[in-house]
Amino acid sequence: MPSGCFLPFGLALTIDYKSYHVNNLRRGSPAAEAGPPCYNGPTQLVRGDCVTTVRIYDAKQNRVLAVERIEKTDAEWKKLLPPEQYEITTRKGTEAPGSCTFDRVHEAGIFRCVRCGTDLFRSSTKFNSGTGWPSYYEPVSPLNVAQQPDTSEGRLRTEVLCARCGAHLGHVFDDGPLPTGKRYCIDGIALKFAAENRL
Ligand SMILES: [Zn+2]
């Protein structure tokens, strides 16, 4: 059953997707006869030889969509992003505490990935942690963020990344408020805010 997918950069795409990863798709070639069925989509969205889908929760549509994972090299992100965004999201930097420009935003809405637009955190889960970084007690969906161990700075932390494009967002700690007890400590520069009426 064809289903519409949201993609950033103003591209609308209809994918006949199923619950599998699409592998080994040659650019511009017909779908392979052997192996899983392939999606032969617009070539401008295909990098290299493989297309991989990822399941992401879309807050506006209130459902899970299968969308293409966004994979770019450091050099490609460097061309696309302002230096500060590149440094934080791609080189895993940390913004100075207190520098977040939307800390006084109190509208209802969604904080999205600055690189790919994936919905990440609801404003209703934002709280004042006193750290100087925007903090949330949960993501919009566990699907939308990835986590991995981070041993930089001589200690073990849990890094939080965008599940679709791999952008470094910040870290999650176990000293947050109820109901989850989690504190997603996020670099504001990795996010962009969309008010509820502009979703
Ligand atoms: Zn992203």
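Which residue in S10 does Ala 146 stand opposite? Select both strands to find out: Ala 146 stands opposite Leu 161 in S10.

**Before going on**

This is a predicted model, in which local features need pLDDT of at least 70 and side-chain atom pairs count only at pLDDT 80 or more, while totals for chains, interfaces and linings use all residues. Residues are numbered from 1 along each chain as its sequence is written.

Show the whole protein as a cartoon. There are 2 helices and 13 strands. Helices (H or I, at least four residues) and strands (E, at least two) are DSSP runs, numbered from the N terminus. Buried residues make up 27% of the 199 residues. A residue is buried if 20 or more other C-beta atoms lie within 10 Å of its own, exposed if 12 or fewer, and partly exposed in between, with C-beta atoms placed from the backbone. Of the contacts with a separation of 6 or more, 52% are between residues 24 or more positions apart. Two residues are in contact if their C-beta atoms, placed from the backbone, lie within 7 Å.

**Stop 1**

Select residues 145-150, which are strand S9; S9 pairs with S10 in the antiparallel sense over 6 bridges. Two strands pair if DSSP finds at least two bridges between them. S9 and S10 form a hairpin with 6 residues between them. In the turn, pick Glu 153, which has a positive phi of about 65°.

S10 and S11 run antiparallel and are joined by 4 bridges. Thr 158 stands opposite Val 172 in S11. These two strands also form a hairpin, with 5 residues between them, and Gly 166 in the turn has a positive phi of about 80°.

**Stop 1: His 168**

Stay on S11 and select His 168, which is found in this strand. Is His 168 buried or exposed? His 168 is buried, because 22 other C-beta atoms lie within 10 Å. Leaving out residues up to four places away in sequence, His 168 touches Ile 88, Thr 89, Lys 92, Glu 159, Leu 161 and Ala 190.

**Stop 2: the loop between H2 and S5**

Lys 92, one of the residues touched by His 168, has its place in the loop between helix H2 (83-89) and S5. Lys 92 has a positive phi of about 60° although it is not a glycine. Most residues other than glycine have a negative phi, and most peptide bonds are trans. Lys 92 counts as partly exposed, because it has 16 C-beta neighbours inside 10 Å.

Thr 90 is in this loop between H2 and S5 as well. With 22 other C-beta atoms within 10 Å, Thr 90 is buried. Thr 90 touches Asp 74 and Trp 77, not counting residues up to four places away in sequence.

**Stop 4**

S5 and S6 pair over 3 bridges. The bridge partner of Phe 111 is Phe 121 in S6.

**Stop 3: the largest nonpolar core**

Select Cys 113, Leu 120, Cys 162, Tyr 184, Ile 186 and Ala 190, which touch the most other members of the 29-residue largest nonpolar core. Strands S5 (109-113), S6 (119-122), S10 (157-162), S11 (168-173) and S12 (183-186) each supply at least two residues of this core. A nonpolar core is a set of buried Ala, Val, Leu, Ile, Met, Phe, Trp, Tyr and Cys residues joined through C-beta atoms within 7 Å. Center on Cys 113: among the residues that Cys 113 touches are Leu 120, Cys 162 and Ala 190.

**Stop 4: two loops**

In the loop between S11 and S12, select Pro 179. A cis peptide bond joins Leu 178 and Pro 179, with omega about 10°.

Last, go to Asn 62, in the loop between strand S3 (53-58) and strand S4 (63-68). Phi of Asn 62 is near 50°, a positive value in a residue other than glycine. Asn 62 counts as exposed, because it has 7 C-beta neighbours inside 10 Å.
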